[in-house]
Amino acid sequence: MLLFLFKQVYPQVNSLIKKGDLVARVKNIFGNCVEEYFADNDGIVVGRSSNPVATQGARIMHVGIRHVEGTPLPKAEHENY
């Protein structure tokens with residue numbers, strides 16, 4: 001059985017979002033909401049999906065996390081670039 005899902009991504013690029021904001025919904029072919037996605041952190045939208053067809057594992061948006069000067073980056077000492 002082939003199931004079509006469609007996504008709506010709400011914030012535009014360069015929009016500020018807050019933790020807990022609704023950022024996207026996935027709906028079935030009948031328009032019923034299947035899943036809602038909320039922001040994990042405060043940040044700024046630096047990219048978003050424009051394709052309305054939702055595939056499993058596809059990215060919805062890219063969020064840049066704002067950093068306060070003078071505070072250490074989280075887990076910076078453990079990252080290995």
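## Contacts around K27

Leaving aside neighbours within four places in sequence, K27 is in contact with F4, L5, F6, Q8, N32, C33 and V34, where contact means heavy atoms within 4.5 Å. K27 lies in strand 3, strands being DSSP runs of E with at least two residues and helices DSSP runs of H or I with at least four, both numbered from the N terminus. With a relative accessible area of 24%, K27 is partly exposed; on this scale buried means under 20% relative accessible area, exposed over 50%, and partly exposed in between, with a 1.4 Å probe and protein chains only. K27 and Q8, 19 residues apart in sequence, have C-alpha atoms 8.1 Å apart in space.

The model is predicted, so that local features need pLDDT of at least 70 and side-chain atom pairs count only at pLDDT 80 or more, while totals for chains, interfaces and linings use all residues. Residues are numbered from 1 along each chain as its sequence is written, and side-chain values use heavy atoms, with hydrogens and water left out.

## Overall make-up

The secondary structure of the chain comes to zero helices and six strands, giving the pattern β-β-β-β-β-β when read along the sequence. Of the 81 residues in the chain, 20% are buried. Among contacts between residues at least 6 apart in sequence, 38% join residues at least 24 apart. The chain exposes about 6,700 Å², of which carbon and sulfur atoms supply 53%; accessible areas come from the Shrake-Rupley method with a 1.4 Å probe, and for residues only the protein chains shown count as cover.

Strand 1 (residues 5–9) pairs with strand 3 in the antiparallel sense over five bridges, two strands being counted as paired if DSSP finds at least two bridges between them. Within this pairing, L5 has N28 in strand 3 as its bridge partner. Strand 3 also pairs with strand 4, again in the antiparallel sense and over five bridges, and here the bridge partner of V26 is E35 in strand 4. The hairpin of strand 3 and strand 4 has four residues between the strands, and in this hairpin G31 takes a positive phi near 90°.

The structure holds one salt bridge, defined as a side-chain nitrogen of Lys or Arg within 4 Å of a carboxyl oxygen of Asp or Glu. In it the side chains of R25 and E36 meet at 2.7 Å, N to O. Because R25 lies in strand 3 and E36 in strand 4, the pair ties together parts that are eleven residues apart in sequence. R25 counts as partly exposed at 26% relative accessibility, and E36 counts as partly exposed at 32%.

## The open sheet 2-5-6

Three strands form an open sheet in the order 2-5-6, with antiparallel pairing. Strand 2 (16–17) and strand 6 stand at the edges, each with a single partner strand, so one side of each is left without a neighbour in the sheet. Strand 5 and strand 6, which run antiparallel, are joined by four bridges, and R48 stands opposite M61 in strand 6.

N14 is placed in the loop between strand 1 and strand 2. The phi of N14 is near 75°, a positive value in a residue other than glycine. Most residues other than glycine have a negative phi. At 60% relative accessibility, N14 counts as exposed.

Not counting residues up to four places away in sequence, V45 touches P11, Q12, V13, N14, S15, I17, M61 and H62.

I29 lies in the loop between strand 3 (22–28) and strand 4 (33–38) and is exposed, with a relative accessible area of 55%.

T55 is found in the loop between strand 5 (43–48) and strand 6 (61–64), and T55 is exposed at a relative accessible area of 52%. T55 and F4 are 51 residues apart in sequence, yet 8.6 Å apart in space, C-alpha to C-alpha.
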